[in-house]
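Hi there,

Here is the structure I promised to pass on. Have a look, and my notes follow below.

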Amino acid sequence: MITDRAGALAADSADPLAGFRDHYAIDPAGPLYFDGNSLGRLPAATPARVAEVLAEWGSMLVGAWDRWIDMPERVGDRIGTLVGASPGEVRVGDSTTVNLYKLAVAALDARADRRVVVTDAHDFPTVRYVIEGLADARRLEVRHVASDPVEGIDPDALGDALAPDVALVCLSGANYRSGARLDLPAVSALARDVGAMTLFDLSHAAGAFPVGLDAAGVDLAVGCCYKYLCGGPGAPAWQYVRAGLHASLRQPIWGWWGQAEQFSMGPSYDPVPSATRFLAGTPAVLGMVAVDSGLDALCGAGIEAVGEKTAALVGLLARRAAERLVPLGARVASPTDPPRRGGHLALSHPLAREAVAALAERGLLIADFRPPDVLRLSAVALSTRYVDAWDALEHIAGVLGELGAPAPAPSDATSS
Ligand SMILES: *Cc1c(COP(=O)(O)O)cnc(C)c1O
């Protein structure tokens, strides 16, 4: 257990993943970065990888498509290794929001005799809005599962919302504010018991900790590639469809990239019987090559090891927050039970907005603020050191003290 700054430095020296930090473009004089759950860092190799594709475009012109055309499958299968999917189940393309829409429609059409969608009123806006829009267009009932803004969803409470009238259960694998994890195997089993489909948004989970989609019995999932996967701003997203559902589900956008015999340009839509049918149009090659590059470090380290370090970092942040920030009026707004915590720690404090702004202004720390009073700290395993987590909490304590929160207790810790 890390009890002082020297202990944090020792933990970094002993960290088997420490070398992976070199995979990222990190300015040693720059601020500590704890907003990787909004935008993951730039992998050092990505600019050259993107430049390579630009060069292929320049020299090979349309002939370069031979090199690019299988990227949705190739990059998808690599993401599959991080989320516990089998080859052929994950495909890359479109945005998270669009994928959520496509897969929600596919699920609702597969349960057309049912009128209820179960969601979480505390979920990320795009998840709520997509479901709200579909419910409006199709005259469905949205049923909110009982959830706690900090602790998340208790699968036992989910049972109350589940009945044979439920077509789809659509929830996030980790809450975007508190980080609370969803128990995917338990929720999937409960949904299956009533014949409902499951669709999970794993934007705040994929790349932070293992989610084991196949083992959990999940039907459908989506996630973005620019948070823990470090694919860059606006990177194309991924989608997962359980193998047994490929041939039977239909998505609403009948595009030529889901078509069997795509280049025979046939008279009508006949989707390929694989997960590729959930693609729509020409994929964003430049974005996908950056996603591919971002996966190198994660795939090299392995998601089990990444998940262990994520948990250790979040644990350290939580412990130090209790010691240093709770006396200054902060509250830990993430689950208290470590296995229920996700890839970041949330704190609430009346001065959170001012503190986040002051920390950034002074070049000390980039954290993120969610209204009304939540400060989030990401624990990105491969680029965050234990000493960074230690120092981040010292910086926050210092700034909160200056902003007029109760005076910090004297500490033997020094911050860099
Ligand atoms: C970040 C995030 C998204 C992003 O959706 P986009 O379509 O990429 O804007 C979606 N869902 C969740 C839960 C997220 O955290």
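Which residues does Ser188 touch, not counting residues up to four places away in sequence? They are Thr198, Phe200, Ala216, Gly217 and Val218, where contact means heavy atoms within 4.5 Å.

Before the rest, a word on the source: this is a predicted model, in which local features need pLDDT of at least 70 and side-chain atom pairs count only at pLDDT 80 or more, while totals for chains, interfaces and linings use all residues. Residues are numbered from 1 along each chain as its sequence is written, and side-chain values use heavy atoms, with hydrogens and water left out.

Back to Ser188, which is part of helix α8, residues 184-193 (a helix is a DSSP run of H or I of at least four residues, numbered from the N terminus). Ser188 counts as buried because its relative accessibility is 2% (buried means under 20%, with a 1.4 Å probe and protein chains only). A polar atom of the Ser188 side chain lies 3.5 Å from the backbone oxygen of Ala216.

Now to the ligand. Among the residues surrounding the ligand are Ser95, Phe124, Ser172, His204 and Tyr226 (a heavy atom within 4 Å). Thr97 has a polar side-chain atom 2.5 Å from a ligand oxygen, and Lys227 likewise places a polar side-chain atom 2.5 Å from an oxygen atom of the ligand. For Asp201, a polar side-chain atom is 2.6 Å from a ligand nitrogen. Taken alone, the ligand exposes 390 Å², and the protein buries 85% of that (Shrake-Rupley method, 1.4 Å probe).

Happy to talk it through!

Best wishes

Definitions and conventions. Helices (H or I, at least four residues) and strands (E, at least two) are DSSP runs, numbered from the N terminus. Buried means under 20% relative accessible area, exposed over 50%, partly exposed in between (1.4 Å probe, protein chains only). A polar contact is a pair of N or O atoms within 3.5 Å; within protein, one must be able to donate a hydrogen and the other to accept it, and residues adjacent in sequence count only if both atoms are side-chain atoms.
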